Amino acid sequence: MNIFIVGINGKMGRVLCERAPELGVTVSGGLDKVSSPLYPTFTRAADVNVPVDAVIDFSRPETLGEIISLCKKYNCPCVLSTTGYRASDEQQIRKLAEKVAVFKSENMSLGVNALSILAGKAAEILKDFDVEIIERHHNQKADAPSGTAKLLCRSVEKGLAYSPDYVYGREGNCKRKPHEIGVHAIRGGSIVGEHEIAFCGSDEVVTLSHSAGSRKIFADGALKAAKWLTGKKAGLYDMHDMLGL
Ligand SMILES: NC(=O)c1ccc[n+]([C@@H]2O[C@H](COP(=O)([O-])OP(=O)(O)OC[C@H]3O[C@@H](n4cnc5c(N)ncnc54)[C@H](O)[C@@H]3O)[C@@H](O)[C@H]2O)c1
């Protein structure tokens with residue numbers, strides 16, 4: 001199976017290239033502003049001339065147009081792992097999913113997807129507890145809060161009996177109101193990714209957390225997703241579909 005990597009020379013792209021042989025897939029090339037020293041690298045979908053069975057993307061929302069062109073050119077599925085998409089991007093992704101199989105997840109690890117289910121269940125049980133979400137990432141991360149924090153917010157929301165108001169960080173005169181969910185982003189050093197959901201009640205706190213030890217967990221998840229997409233009909237899929245959760 002030939003995989004084409006968008007963002008091939010980035011932190012995640014390089015880990016994907018390392019992990020691909022172990023998962024039995026071939027990297028045929030990639031798209032990036034900066035050329036990969038190992039694989040044919042292109043800056044425009046129109047110029048791509050290598051075999052492509054599936055596209056895996058770990059880049060920036062700005063590459064979405066090229067990804068759409070590439071999937072149409074090769075009539076192939078894609079795995080979208082980039083975070084920070086705007087509402088207009090999400091609309092374009094849904095449109096692409098009418099034509100090809102699109103797999104999209106803000107977090108490709110098994111652990112975080114298990115955590116998201118646990119978070120929904122905890123919210124359901126701990127009805128009156130205040131919920132706060134804290135995420136920590138390296139100092140190069142472009143977007144905040146992280147895509148994973150947003151995914152966890154959606155999971156918690158499913159378990160709540162009310163529609164929460166999100167508060168991103170706090171400063172000054174900002175006493176906590178009922179039905180708030182506080183979301184806090186910490187940036188520093190080389191932290192791969194840590195997420196914590198605190199359910200704070202009267203005299204007790206329940207904390208659920210996940211810590212990524214390396215980028216391998218995301219690369220392996222994306223490579224497995226690309227293989228899983230083979231032969232799937234057009235549509236929008238996520239980790240819960242693949243893991244049968
Ligand atoms: N879904 C997940 O599990 C998961 C896990 C880790 C990272 N991510 C996301 O993946 C994305 C990439 O993360 P990273 O740490 O590898 O970032 P990075 O900055 O190290 O790499 C991004 C790469 O994309 C390239 N790029 C950016 N804009 C481009 C453009 N317009 N055209 C061509 N190439 C372009 C850059 O040159 C770079 O090589 C981020 O959005 C991050 O949040 C998702």
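Alanine 122 lies in helix α4, where helices are DSSP runs of H or I with at least four residues and strands are runs of E with at least two, numbered from the N terminus. A quick word on the model, everyone: it is predicted, local features need pLDDT of at least 70, side-chain atom pairs count only at pLDDT 80 or more, and totals for chains, interfaces and linings use all residues. Residues are numbered from 1 along each chain as its sequence is written.

So, is alanine 122 buried or exposed? Alanine 122 is buried, because 20 other C-beta atoms lie within 10 Å. The cut-offs are 20 or more for buried, 12 or fewer for exposed, and partly exposed in between, with C-beta atoms placed from the backbone. Leaving out residues up to four places away in sequence, alanine 122 touches Phe199, Val206 and Leu208; contact here is C-beta atoms, placed from the backbone, within 7 Å. Isoleucine 5 sits 117 residues away along the chain, and its C-alpha atom is separated from that of alanine 122 by 37 Å.

Now the sheet beside that helix. Five strands make an open sheet with mixed pairing, ordered β8-β9-β7-β10-β11; strands pair if DSSP finds at least two bridges between them. At the edges are β8 (165–168) and β11 (205–211), each pairing on one side only. On average, neighbouring strands of this sheet are turned by 15° against each other, direction ignored.

Within it, β7 (residues 130–137) and β10 (residues 194–200) run antiparallel, joined by seven bridges. Glutamate 135 stands opposite histidine 195 in β10. Helix α4 (residues 110–125) lies across β7, β10 and β11, at about 165° to β11. For angles, axes are lines fitted to C-alpha atoms, for helices over the stretch in contact, and values run from 0 to 180 degrees between N-to-C directions.

On to the other sheet, also open: seven strands in the order β3-β2-β1-β4-β5-β6-β12, with parallel pairing. Its edge strands are β3 (41–42) and β12 (235–237). Five bridges link β1 (residues 2–6) with β2 (residues 26–31), and asparagine 2 stands opposite threonine 26 in β2.

Key
Two residues are in contact if their C-beta atoms, placed from the backbone, lie within 7 Å.
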